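Open the model in your viewer and keep the selection tool at hand. We will go from one stop to the next.

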Number of protein chains: 2
Amino acid sequence: MDSIKVGLLGLGVVGGGTWKVLARNAQEIARRAGRSIEVTRIAVRDVAKAQQLVGTSVKIDADPQGLVRDPSIDVVVELIGGDTLALDLVLTAIDQGKHVVTANKALLAKHGNEIFAAASKKGVIVAFEAAVAGGIPIIKAMREGLTANRIEWVAGIINGTTNFILSEMRSKGTSFAAELAAAQALGYAEADPTFDIEGVDAAHKLTLLASIAFGIPVQFDKAYIEGISKLAAEDIEMAERLGYRIKLLGITKRRPEGIELRVHPTLVPKESMIANVEGAMNAVLVRGDAVGQSLFYGKGAGEEPTASSVVADLVDVTRLLTADPEHRVPHLAFQADAMADTPILSIDDVVTSYHLRMRVLDQPGVLADLTRLLADAGISIQAMIQQPRVHDKTAELIFVTHEAVERNINQAIASIEALSFVKSKVTRLRMESLA
Amino acid sequence: MDSIKVGLLGLGVVGGGTWKVLARNAQEIARRAGRSIEVTRIAVRDVAKAQQLVGTSVKIDADPQGLVRDPSIDVVVELIGGDTLALDLVLTAIDQGKHVVTANKALLAKHGNEIFAAASKKGVIVAFEAAVAGGIPIIKAMREGLTANRIEWVAGIINGTTNFILSEMRSKGTSFAAELAAAQALGYAEADPTFDIEGVDAAHKLTLLASIAFGIPVQFDKAYIEGISKLAAEDIEMAERLGYRIKLLGITKRRPEGIELRVHPTLVPKESMIANVEGAMNAVLVRGDAVGQSLFYGKGAGEEPTASSVVADLVDVTRLLTADPEHRVPHLAFQADAMADTPILSIDDVVTSYHLRMRVLDQPGVLADLTRLLADAGISIQAMIQQPRVHDKTAELIFVTHEAVERNINQAIASIEALSFVKSKVTRLRMESLA
């Protein structure tokens, strides 16, 4: 089957990431989508720079209007941002009967009602998973995964820049100004950081989440927005002492009188999951009447995390254009004729770290013999703790190993248990750093 | 448009929850799905008991074979569990051209390949969101939301019973046997808890996650399974001292040689998000090459959380049977003609708790005056902290309020700031318990 033809508007951070992910995972993606997804045209301002990344096999020019009218393009991916040119291009693409994928939260928060109405009329999709919380599939989760629920409220850390600044202010006791400068130096904040630090970006995203949660039109102009620029180190310290952390939350809540829609610094209990979302990470907490609270956590920005959502939307559209509705999503994610026969490994071949605990005679040479035995078995030690038990002249010994093959660990354990100075069975527990 | 007709096989915990959620949220669900979802037939062993919950308007009998062959039924929801009768009923329903929704992980982990092949051939859907991690939409997230990624590994707390037992053992320093008994008394563990505590239930779920992550057939018989029944209080305490917690994880990982598929107690770093998933909660951590790590957290079992996923699958099927593919999922989750005009509240009308901080003269009567002022404004105090500053005879005063209307808080602040003994502006921060 012919590939799906994608036109990219913009090849900046997210556009570049989208190109890379589509290229690197082309096979994996086609196995899932049922068809190849191919970028065939790109519109950028700096054509030469784009060619450096993409090469010359793809048509690259500075003509976005030509791209959205190009009859060979099936899906337009809008990644230029802003809400003037982008609005015009998206509406034109829709009018041309093309599906649209966008990461543009400002555009949708302000002009979503108009855009979605035009798309519905034309029977095209405007997909925007990447517009909210980067790589976290929160739009899909709320729009399709929690449809049984009457949503009660949504509270999210949906701006990584401000969360990074707040995390640093708290852990280092520094000022907002100092950490804003640090964030800018690290590339986490833009030269003009207003949209992030004053909560506007979070409010764009929250506006979309509120509409999906409650079935109301997008109403960005009614959102209450307060950023973090006035927070003092003292505020954070005081909150900490009372058992709270300060997070910039986007909160939307259903009340009998109407819907709350607000972005502001918020004290949350220190031990709550959302209080422990640190650095540039994002998290969205949703409360539904049937499901209770669910948390969706991951990278909220960046080249490839955001591209992950752009490409997921492209796969959604591709599946739609490729198979009958009943076969749209394969039961096991991959097309039935594209399943792999990768073998499942025996537990003997598993590689992980281990925690080994034993009781040994507390005498010279024991540790040397044991470490030698482990080294000979190819097992590298990450940490060791010895606790003498005075009353019976033995010691409790714990080894934490680096990654090793389970078969080797089991052989080493058998050898250890055969040693005369080892006075217990070896307790073996597997460990994962999950890093 | 006519409603979608659903036949329920079984009306136990999840079946009862499904009935209740469909009834309570009928309107909200129809606004999303584009059509009403109606349970028109139920097959149970105890018909009289089922009638107590459901009434007599629905056809209830003890004839599951009749239900799956009933030409008026569009979707069969299989909630009887097990893998003998359920297998026969699901295959028959598919053969009759009906879509199937099931929460039965044992059935799919063992017979998924056969069931999915039959469904693909017939062009029907077998949806199973509820089979893994209860109310967390992890199947949708992995099958549709993370499709851009080459998945590297998945690690999940996917059995609430064992996580509850491990959480209790750790916090109370008690034995496995004691906490198993406690879990049974609370209804978190079954009379025969073997499937849960020995890791079999987690392995069923992990088998499905591995197939969706890597595009391999379901291969439950190749999973390595080790439960928590042999863990000692000492193991947990030792892990804690080293900075780790023990969780029963299902882990599936891609390696060059093949795929790891294993369930066992695992030490994880104490400060990691997954280590802090406590009690009967579930969480699945997924690592993709583009998105990095994402965590999906929520209730993994129980009447309504599991029903939340069953009903989400019903909405998915209903959308498929109702609209053109391009209009299947409405842009803002709810059908365009079913949007609400619920007003957005002004920030003055928002209700939340507040943290109010101010500096006051350290003299008798100040606190009495302030608490009286707040009481008169209808603001109830949750906590108060006073810190004297000896050098200037003032005190730092912090009030934490119960929920109050923002307008009232702002009026109270204006009154407070007008008092002669109040020597600073009032710092006002909003708080959310997120409970």
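Select A:S294, a residue of strand 12 (residues 292-299) of chain A. Keep in mind that this is a predicted model. Is A:S294 buried or exposed? A:S294 is buried, because its relative accessible area is 0%, and the cut-off for buried is under 20%. Now show its contacts. Leaving aside residues up to four places away in sequence, A:S294 touches A:V284, A:L285 and A:V286 in chain A. From chain B, A:S294 touches B:Y297 and B:G298.

**Across the two chains**

**Strand 17 of chain B**

Select residues 427-431 of chain B, which form strand 17. Pick A:T266 and look across to B:R430, its bridge partner. Then stay within chain B. Strand 13 (residues 351-361) is joined to strand 17 by five bridges, and this pair runs antiparallel. Here B:R357 has B:T427 as its bridge partner.

**The six-stranded sheet of chain A**

Move to the open sheet with strand order 3-2-1-4-5-6 in chain A. Its six strands show parallel pairing. Which strands are at the edges? They are strand 3 (59-61) and strand 6, each of which pairs on one side only. Zoom in on strands 4 and 5 of chain A: four bridges join them. In this pair, A:V75 stands opposite A:H99 of strand 5.

**Helices on the sheet**

Select helix 3 (residues 47-54) of chain A. Helix 3 lies across strand 2 (37-43) and strand 3, running at about 155° to strand 3.

Last, select helix 5 (residues 85-95) of chain A. Its buried residues include A:A86, A:L87, A:L89 and A:V90. Further along, A:T92, A:A93 and A:I94 are buried too. Show what surrounds them. The buried residues pack against strands 1, 4, 5 and 6 of chain A, and against helix 4 (64-68) and helix 6 (105-122). Finish at A:G97, which follows helix 5 and has a positive phi, near 80°.

How values were computed: Residues are numbered from 1 along each chain as its sequence is written. Chains are lettered from A and ligands numbered from 1 in the order in which they are written. This is a predicted model: local features need pLDDT of at least 70, side-chain atom pairs count only at pLDDT 80 or more; totals for chains, interfaces and linings use all residues. Side-chain values use heavy atoms; hydrogens and water are left out. Two strands pair if DSSP finds at least two bridges between them. Helices (H or I, at least four residues) and strands (E, at least two) are DSSP runs, numbered from the N terminus. Buried means under 20% relative accessible area, exposed over 50%, partly exposed in between (1.4 Å probe, protein chains only). Contact means heavy atoms within 4.5 Å. Axes are lines fitted to C-alpha atoms, for helices over the stretch in contact, and angles run from 0 to 180 degrees between N-to-C directions.
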